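Here is a walk through one protein model and its ligand. Keep the structure open and follow along.

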Amino acid sequence: FRTEAMINDALQKDEFVAYYQAKVDLSSGEIIGAEALCRWRNGDNGFIAPSTFIPIAEETGQIVHIGEVILRSACTFAVECNQRSGKQFVVAVNISARQLMYGNFLATLLQSLQETSCRPEWISLEITESLLLTDSGMVIDTLNSISALGIEIAIDDFGTGYSALSYLCRFPISCLKIDQSFVRNMLEDPQQEVLIRTIIKMAQGLGMKTVAEGVETKAIARRLRQMGCELGQGYLWHKPSDADALLHRLPSES
Ligand code: G
Ligand code: G
Ligand code: MN
Ligand code: NA
């Protein structure tokens, strides 16, 4: 299988890099964190988007190794951002089911934190609803251990999966990321707005935060803030960039 061999080759050549997209506090407009997004820097083909290789890497199990690279980069970046800004800055890492179920994820996580001197509170994890469908005791145990370390767990693309809402109470979830498909047309489509309003209400009732994804206009950001959404992410503020470009946008403490 050609792509599997190419991914192995890329792992060997260190071609997987983390890009970062800012997360913004909708009340203050400040950048308070970032999401790590994997990019494949391929010599012949330029940048290859995750949608083309992540699904394959999940099938082959190579996502475990790619994930380790991204997690390590995210920890290093979190330390740099916290040092520069002097305020808590949280870097979110996407974790797929395969990583949690087949890698020794907790050990990998602890090792990355330790070797980079990153505090657990500086990292958060984004998981998908489909992971919670597995309902395995092992997944719940691992997520509980991660949460006990002080690492927040968010549901990515919330509202687009198939799982029951009851999982929100069974797993240690502290944040819902509202999928960009709801956000994009919210000002033109009253029904989308109702969905967003309801997600925010539910999150508030359960003591969870909300992050809106795919925010591209000031009008949308303003409306989301009025609705009680805490955080936003989108091209309005920042397109995913390399670590240095985002680091230098942060106000420096000294
Ligand atoms: O940045 P971009 O829109 O290309 O990312 C598309 C999707 O790829 C993200 O929403 C996320 O679900 C997935 N993705 C990006 N980086 C990672 C990663 O490091 N690990 C995993 N498991 N998925 C990622
Ligand atoms: O983790 P997740 O699959 O949600 O990753 C978000 C994806 O959405 C990334 O690939 C990122 O490049 C993309 N993205 C982030 N902000 C915006 C935005 O404002 N508009 C659009 N169209 N895409 C965005
Ligand atoms: Mn994500
Ligand atoms: Na998402």
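**Around the ligand**

Ligand 1 has 13 residues around it, and Leu-37, Cys-38, Pro-50, Asn-94 and Ser-96 come nearest. Keep in mind that this is a predicted model. Which elements build the shell? Strand β2 (31-42) and helices α2 (50-60) and α3 (63-85) each give at least two residues to the shell around ligand 1. Nine residues of the shell around ligand 1 are nonpolar and four are polar. No residue of that shell is charged.

Next, a residue on one of those elements. Glu-35 lies in strand β2. Is Glu-35 buried or exposed? The cut-off for buried is 20 or more other C-beta atoms within 10 Å. Glu-35 has 25 within that distance, so Glu-35 is buried. Set aside its neighbours within four places in sequence. Glu-35 is then in contact with Tyr-20, Gln-21, Lys-23, Ala-92 and Gln-233. Ile-63 is 28 residues from Glu-35 along the chain, and their C-alpha atoms are separated by 17 Å.

Now step back to the whole chain. The protein has twelve helices and nine strands. Its radius of gyration is 18 Å, close to the 18 Å that the globule rule gives for 254 residues, so the protein is as compact as a globular protein of that length. Along the principal axes, the C-alpha atoms fill a box of roughly 50 × 45 × 35 Å. Of the 254 residues, 38% count as buried. Consider the contacts with a separation of 6 or more: 65% of them join residues 24 or more positions apart.

Terms used: Residues numbered from 1 in each chain as written. Chains lettered and ligands numbered in written order. Predicted model: local features only at pLDDT ≥ 70, side-chain atom pairs only at ≥ 80, totals over all residues. Near = placed C-beta within 6 Å. Helix = DSSP H or I, 4+ residues; strand = E, 2+ residues; numbered from the N terminus. Nonpolar A, V, L, I, M, F, W, Y, C, P; charged D, E, K, R; others polar. Rg over C-alpha atoms; globule rule 2.2 N^0.38 Å. Buried ≥ 20, exposed ≤ 12 C-beta atoms within 10 Å, placed from the backbone. Contact = placed C-beta atoms within 7 Å.
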